[in-house]
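Please try each task on the structure before reading on.

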Amino acid sequence: MAALTLHHHQHSCPQASGHLSRRLYHPIFSSFPRIHVKDLNFRLSPADNSIFSLSTRGTVFVVRALSTTVAVEETPEKKKMVKGIRVYEHGGPEVLKWEDVEVGEPKEGEIRVKNKAIGLNFIDVYFRKGVYKPASMPFTPGMEAVGEVVAVGSGLTGRMIGDLVAYAGNPMGAYAEEQILPADKVVPVPSSIDPIVAASIMLKGMTAQFLLRRCFKVERGHTILVHAAAGGVGSLLCQWANALGATVIGTVSTNEKAAQAKEDGCHHVIMYKNEDFVSRVNDITSGKGVNVVYDSVGKDTFKGSLACLKSRGYMVSFGQSSGSPDPIPLSDLAPKSLFLTRPSMMQYNETRDELLECAGEVFANVTSGILKARVNHKYPLSRVADAHADLENRITSGSVVLLP
């Protein structure tokens, strides 16, 4: 319920009249107690802004005020509560707390989405551990989800209640039953693609797209090295690069993952726990090296990856699951004139057109069969701590999806 307050300073209010069914607080009447008055009529004199009348149930008061500022103070709207994950301190999987979280109404340019499936990505681990810093604490992790639009902000066109949409990247906060999203950050999901498949491939697929098509443009005749070839992004890199005509070399940790990598288009699979991958790459390429290395492992593979490159090769470091790589002097790149980059999808999809083109190419390749989403693991969102632990311990392969 609103409250009408008359403040003690000069201010005109030419349209301050009408019928109010509200609580009246009037400190001008300092000798009277504050009381609640219902069915109150308020009218400001057109001739003198300091005179107004108050009437209720047949009784009329004519008052000269010391001031005539009228302010209507609305009580804050009640927030809707949903279940979600909150992180209050950085640490292990145990800091992921399942609890009630607030979700408000969408503002102009925003939508509220009821999530159907949420993608798990290693970047979520980085934020949980504090490798990457969230904007504030506590925070809700998660940067990939697919859901149904359940509310639309004022003045927004192009999005309707009932639409199935996906997003990947910012804003963070996907680990919840519902969330508010900027409408220009979501893309429509084709009806031919299941929501769980879309959630498993949105961020990973767009990552593969910008790595293969824009960061370094892979073409027929190139030879590439993909670390963690059976992982969520690695699996898609192998499939897509194979379709582009490249020779694909991949590193994996187990026999099961080796079999998957071969199915995904890896021409040569290296068991890095049993073999020295630098020596094997040298043998496979007859000493020439590879055109590009896609390295999401970081510390354990970084220097070896540089050694695998041919002259003018590209070292694309896009993750650090084993930790941050040790620093190297810039002069280490000079003997082979190497290129080194640490890209992020956010900078490759800065505009709406870039986002739509990137997502459109991913969905088209899923529909055509070039890309096969391997949803090898599903966890309830309430058990996301188990999913994080399995991902960090390299128990998972392919994509991991959380179900609200």
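**Exercise 1.** Determine how much space lies in the largest pocket, which residues are closest to its centre, and which elements supply its lining.

Solution. In this predicted model, the largest pocket holds about 1000 Å³ of space. Its lining is made up of 48 residues, and those closest to the centre of the pocket are F122, Y126, V233, S296 and F318. Turning to the elements, at least two lining residues come from each of α1 (122-129), α2, α3, β16 (247-252), α7 (345-348), α9 (384-392) and β22 (399-403). Sorted by class, the lining of the largest pocket comprises 23 nonpolar, 19 polar and 6 charged residues.

**Exercise 2.** Describe α1 through its buried residues, the elements they pack against, and the residue that follows the helix.

Solution. The buried residues of α1, where buried means under 20% relative accessible area, are D124, V125, Y126, F127 and R128. The next step is to look for the packing partners, and the buried residues of α1 are found to pack against β9, β10 (110-120) and α9. Finally, α1 is followed by G130, which has a positive phi near 90°.

**Exercise 3.** Repeat the analysis for the second largest pocket, giving its space, the residues closest to its centre and the classes in its lining.

Solution. About 610 Å³ of space lies in the second largest pocket. Of its 25 lining residues, R86, E102, M172, G173 and I180 are the closest to its centre. The strands β8 (80-87), β9 (96-103) and β13 (178-182) each contribute at least two residues to this lining, and β9 is also an element against which the buried residues of α1 pack. By class, the lining of the second largest pocket divides into 12 nonpolar, 6 polar and 7 charged residues.

**Exercise 4.** How many cavities of 30 Å³ or more does a search of the whole structure find, and which residues line the largest cavity?

Solution. The search finds 1 cavity of 30 Å³ or more, and the space in the largest cavity is about 30 Å³. Its lining consists of S200, I201, G232, S235, L236, K372, A373, R374, G398 and S399. The elements giving two or more residues to this lining are α2 (195-215) and α3 (232-243), with α3 providing the largest share, 3 residues. By class, the cavity lining has 3 nonpolar, 5 polar and 2 charged residues.

Terms used: Residues numbered from 1 in each chain as written. Predicted model: local features only at pLDDT ≥ 70, side-chain atom pairs only at ≥ 80, totals over all residues. Heavy atoms only, no water. 1 Å grid on protein atoms, 1.4 Å probe; cavity = no way out; pocket = protein on both sides within 12 Å on 5 of 7 lines; lining within 4 Å. Points joined across faces, edges and corners; volume = space filled by probe spheres on them. Helix = DSSP H or I, 4+ residues; strand = E, 2+ residues; numbered from the N terminus. Nonpolar A, V, L, I, M, F, W, Y, C, P; charged D, E, K, R; others polar. Buried < 20%, exposed > 50% of the residue type's maximum accessible area, 1.4 Å probe, protein only. Contact = heavy atoms within 4.5 Å.
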